[in-house]
Amino acid sequence: MDESLGQGRAAAGAAPLDFAPRRALTQARRWAKARAAGLASALLLSVMALNMLAVVSRKSITIDEIVMIPAAYYHLAAGNFQLVHDHPPLSKILAGVPLLFIQPEEVQPHELPGPPDSPESEWAHQERFWEDNRDSFEAISFWARVPMIALAVALGALVFVFARDLFGGRAAALAAAFYSLEPTVLAHGRVVQTDVPAAFGYLLTTFAVYRYARSRTWRRALTVGAAGGLAVLAKFSMLLVGPAVLAVFAVWVWRARGDRAELKSLLAHVALVGLAALLVINAAYYFDGRALTERDARWVAESFPASAAAVWAAIRALSYLLPTEMVLGVFWQLWHNGEGHPASLLGMQSATGWWYYFPVAFALKVPLPFLLLSVASLAWAARALVRRRDKRFLFVLIPFAVYTAFVLMSRINIGVRYYLPAFPSLFILCGALLDRLLVRLGRHKVAAAALAALLLGWAGFEAARAFPDQMTYFNQLASARPHWWYLSDSNVEWGDDVRQLSLYLRARGETRVRGAFLAGYLTPRHYGVEVLDLLARPAEELPPTRYTAVGASFLNGSTVPARPSGGRWPTDEERTNTFDAYRRRTPEAVFGGSIYLFKEVDSSQ
């Protein structure tokens, strides 16, 4: 009896030790359950980052990155803002940071063929950058794109945080899932360009306005201004956030017209927003405001002949508040939009675009589950806003509507990437709608699980199908014809498949190819292949080669430049049908859906 009592006491004494691990495990489970949405989203975004890193390691740089990456380095290392000043510096600053550690060779001022602000000097910076760093070509190409991937992940995190604040954790996790699986995001999230940064800046500004609306403090007013400034530094089209934010404050000021104290506070906050935006923008240009030159005046006179005096006066006035290169870049974009850009849509050709271009491009370029859920979620959100007066939807629907209306007026119809700032609103709404459907099906757990599995599984299947060629992805609506028939330019070709083409040729003992494809003038030589430009001289004047490579956008015809031949300029029809003969041939290989390789049977070696 005494022995059993002793054993009981021993057991009683050991109980705290026995149950301590159980309590720790229970607490860990509770912690994980409370943060399940965040952990799931973090995992999805990590897989997304690995996906993009894997693609970067096997894809060459795009044609735009040929100029953007050198501009990124010189922006940081030399404070040279004139290189590619038609794009703002956020993406260049991010891409340039790793290059400061690589320390590439730089072109020296005495080696420039013209004045620092001349086109000849700009081209020398860009071409010499790659030629003088041939041994570092792969390292520079890889590391410059890594910060862009980090920004794409940050955008996914922002989608999650905003969606969680509006609709809860599960809706946020679903929004992050659709974001991390979307091919257009995966394609452009790894590129040194302005499209994903613009989406980040636009959503960040919207989120900052949302937080300010919940608590109108001077600190949050500064956040709105800083976010707006960052958005403008991402892409000049984001200048639209200025009028949009002012319109929101105007509504608040009108509502507060009877409250003098609140009105005074709002007006002070408007001033803080403007000052913060100006500070952020000028800091990105190192507070540099170079004097305008005669070359700048000549460009204005040539580009805006009907209104040169007014444009010049506007540029001079704005240069007192904003960096000179930024002001000139904005007006370059205005000129570009006015002139238009050759593009194609559903077999049609135009230099000024179509008002319905982006809805059609979106319908063709995003996975069907995301497309269907986007349309349904927009209708559901609009209904909830009108019938239930649910103000949460204001912060998603209004930014989407504003940017969509803005982009429909664009005459630059060369890629669905221009529509990326509208995508985050759709991801958030898709997550919210699917979460709502799961709630309604709560009593039918099998049906709810089946619905979620179907949509997410389908999206995952499309992401897997697109890998690693997300840039040229089209959904099943574009299955009747070759993809280059539906759209052109960066939708079907952007120069990032040159590496695969070059490796294919070299594996067959070929070091020369006749061709017409984006980035063909520079990147193939870094992979040991010489391109004989089919557009520089007639094909019959070029040395014969075993293969001919034609880019999808050249098969489309929109990117074929107009050049005189036989003493006359070609008609638009002749220009766009330059490679019509190759449209009717079967290629030996297609690289990434963007470069078509044809074997020339009759060509001698």
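Trainee: With which side chain does the side chain of Tyr-504 make a polar contact?
Mentor: A polar contact is a pair of N or O atoms within 3.5 Å; within protein, one must be able to donate a hydrogen and the other to accept it, and residues adjacent in sequence count only if both atoms are side-chain atoms. For the side chain of Tyr-504 the distance is 2.7 Å, and the partner is the side chain of Glu-588.

Trainee: What pLDDT do side-chain atom pairs need in this model?
Mentor: Residues are numbered from 1 along each chain as its sequence is written, and side-chain values use heavy atoms, with hydrogens and water left out. The model is predicted, so local features need pLDDT of at least 70, totals for chains, interfaces and linings use all residues, and side-chain atom pairs count only at pLDDT 80 or more.

Trainee: Is Tyr-504 buried or exposed?
Mentor: Buried means under 20% relative accessible area, exposed over 50%, and partly exposed in between (1.4 Å probe, protein chains only). Tyr-504 has a relative accessible area of 18%, so Tyr-504 is buried.

Trainee: Which strands do the buried residues of H22 pack against?
Mentor: Helices (H or I, at least four residues) and strands (E, at least two) are DSSP runs, numbered from the N terminus. H22 spans residues 498–507, and its buried residues are Val-498, Gln-500, Leu-501, Ser-502, Tyr-504 and Leu-505. Contact means heavy atoms within 4.5 Å; not counting residues up to four places away in sequence, Tyr-504 touches Glu-588, Ala-589, Phe-591 and Leu-597. The buried residues of H22 pack against S3 (512–516), S5 (547–551), S6 (589–591) and S7 (595–599).

Trainee: Which residue takes a positive phi just after H22?
Mentor: The angle is about 80°. The residue is Gly-509.

Trainee: Why does Gly-495 count as buried?
Mentor: Gly-495 is in the loop between H21 (483–486) and H22. Leaving aside neighbours within four places in sequence, Gly-495 is in contact with Ser-60, Ile-61, Thr-62, Ile-63, Leu-518 and Ala-519. Gly-495 counts as buried because its relative accessibility is 1%.

Trainee: With which side chain does the side chain of Arg-290 make a polar contact?
Mentor: Arg-290 lies in the loop between H12 (260–284) and H13 (294–303). At 18% relative accessibility, Arg-290 counts as buried. The distance is 3.0 Å, and the partner of Arg-290 is Asp-296.

Trainee: Which helix gives the most to the lining of the second largest pocket?
Mentor: On a 1 Å grid over the protein atoms alone, a pocket is an open set of points where a 1.4 Å probe fits, with protein on both sides within 12 Å along at least five of seven lines, and lining residues have an atom within 4 Å of a point. This pocket is lined by 22 residues, with Val-209, Val-248, Leu-394, Phe-395 and Ile-398 nearest its centre. H9 (195–214), H11 (241–255) and H18 (394–408) each supply at least two lining residues. With nine residues, the helix that gives the most is H11.
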